[in-house]
Amino acid sequence: MLNTLRHRVVQAPMAGPSTPALAVAVCEAGGLGSVALATLDVAGARKAIAETRAGTDRPFAVNLFCHRPARRDPARESAWLERLAPEFAQFGAVPPTVLHEIYPSFRVNDAMLALLVEMRPAAISFHFGLPRPDQLAALRETGAFLLASATNADEARFIADAGLDAIVAQGWQAGGHRGCHDPEAADERLETLPLVRRLVPLGLPVIAAGAIMTRADAQAALEAGAVTVQCGTAFLRASEAATPPAHRAALSGGETVMTRAISGRPARGLVNRFTAIDDAAAPDYPLTYDAGKALIAAAVTAGDQGYGAFWAGTGAAQSVARPAAETVAAISP
């Protein structure tokens, strides 16, 4: 599939900012558009796939999260909510009394599996790990091109051994959630180009992700052995993206940091008041995200944009406000 692209640019799924319109624009421009399903229920996923399919007859990808279900720890969760209480109080609000697992893992979501088997998207990508073997077998039967994120060689070998078709090499510079399969394991923090070089010998096509903002960045990734590049931050200012105005405005600052405080998993975003919170005691993903979204909503209601989940990579300041098709053409090597 990747070899059939007119431009070797894959649009990162980016749950939140990505839309069917963005995926359509990238596909029509000759790249591979992606639709984020990880934060949608089955009805929402069906609608997103149908809207994308109505806009283009070109292949596109859908993306799922395969995180382990959250480990419940009432004492830790209560302590985290108590820690956030002063942050809520400045907006005349209180934190939730109980945290919920707001985004179920695809590994335990067979209703979503049934939808994918029915609708048969051309490509399916996975983040945070892999589906169960039986789920993978069912998806292979649809003929879908299967790919998954890796942040190190061990994760990449796991993907290769599972029989997937390609690996997304997610460098340390990439925006959004780290694709670590085990969030408790030590992170090697490999940057994109060294990671690509380490994964190429495994034999699967490698897609370079992280700090790909220009044609020169893309060319460097291809010279390192990648077959194509994946870009997320470069599309955040696209007219087709659902990036909130405050998030778009904050991109020009460019300073990013990795934090667990917002969602409970390491994620790279623009520095703000939320990223300044000590994340050491944050509960598991997505429990922490339940509290994080509540705090963001309380701040926005009060007219304060300082607590947004403004995910972005290290090249944030280089992002350009333009239609997605122009970004594809500008980055394509």
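**Figure 1. Pro286 and its cis peptide bond.** In this predicted model, Pro286 sits in the loop that links β11 (267–270) with α10 (287–301). The peptide bond leading from Tyr285 into Pro286 is cis, its omega being near 0°. For context, most peptide bonds are trans.

**Figure 2. Two residues with a positive phi.** Met14 has a positive phi of about 50° although it is not a glycine, and its place is the loop between β1 and α1 (20–28). With a relative accessibility of 18%, Met14 counts as buried, because the cut-off for that class is under 20%. Arg120 likewise shows a positive phi of about 50° without being a glycine. Look for Arg120 in the loop between α4 (110–119) and β4; at 45% relative accessibility, Arg120 counts as partly exposed.

**Figure 3. The open parallel sheet.** Follow the strands across and you will read the order β1-β9-β8-β6-β5-β4-β3-β2, an open sheet of 8 strands with parallel pairing. Strands β1 and β2 (34–36) are at the edges with a single partner strand each, so one side of each has no neighbour in the sheet. On average, neighbouring strands are turned by 25° against each other, direction ignored.

**Figure 4. Strands β4 and β5, with helix α6.** Here we step in on one pairing of strands. Strand β4 (residues 123–127) and strand β5 (residues 145–150) run parallel and are joined by 4 bridges. Helix α6 (residues 153–161) lies across β5 and β6 (166–170), and runs at about 165° to β5.

**Figure 5. The second largest pocket.** This pocket has a volume of about 200 Å³. It is lined by 13 residues, of which Trp172, Asp187, Arg189, Met258 and Pro266 are the closest to its centre. Sorted by class, the lining has 6 nonpolar, 6 charged and 1 polar residues.

Figure 6. Asn3 belongs to the segment before β1 (9–11). Its relative accessibility is 76%, so Asn3 counts as exposed, the cut-off for that class being over 50%.

Technical notes:
Residues are numbered from 1 along each chain as its sequence is written. This is a predicted model: local features need pLDDT of at least 70, side-chain atom pairs count only at pLDDT 80 or more; totals for chains, interfaces and linings use all residues. Side-chain values use heavy atoms; hydrogens and water are left out. Buried means under 20% relative accessible area, exposed over 50%, partly exposed in between (1.4 Å probe, protein chains only). Two strands pair if DSSP finds at least two bridges between them. Axes are lines fitted to C-alpha atoms, for helices over the stretch in contact, and angles run from 0 to 180 degrees between N-to-C directions. Contact means heavy atoms within 4.5 Å. On a 1 Å grid over the protein atoms alone, a cavity is a set of points where a 1.4 Å probe fits but cannot get out, and a pocket is an open set with protein on both sides within 12 Å along at least five of seven lines; lining residues have an atom within 4 Å of a point. Grid points are joined across faces, edges and corners, and a volume is the space filled by probe spheres set on the points. Ala, Val, Leu, Ile, Met, Phe, Trp, Tyr, Cys and Pro count as nonpolar, Asp, Glu, Lys and Arg as charged, and the others, Gly among them, as polar.
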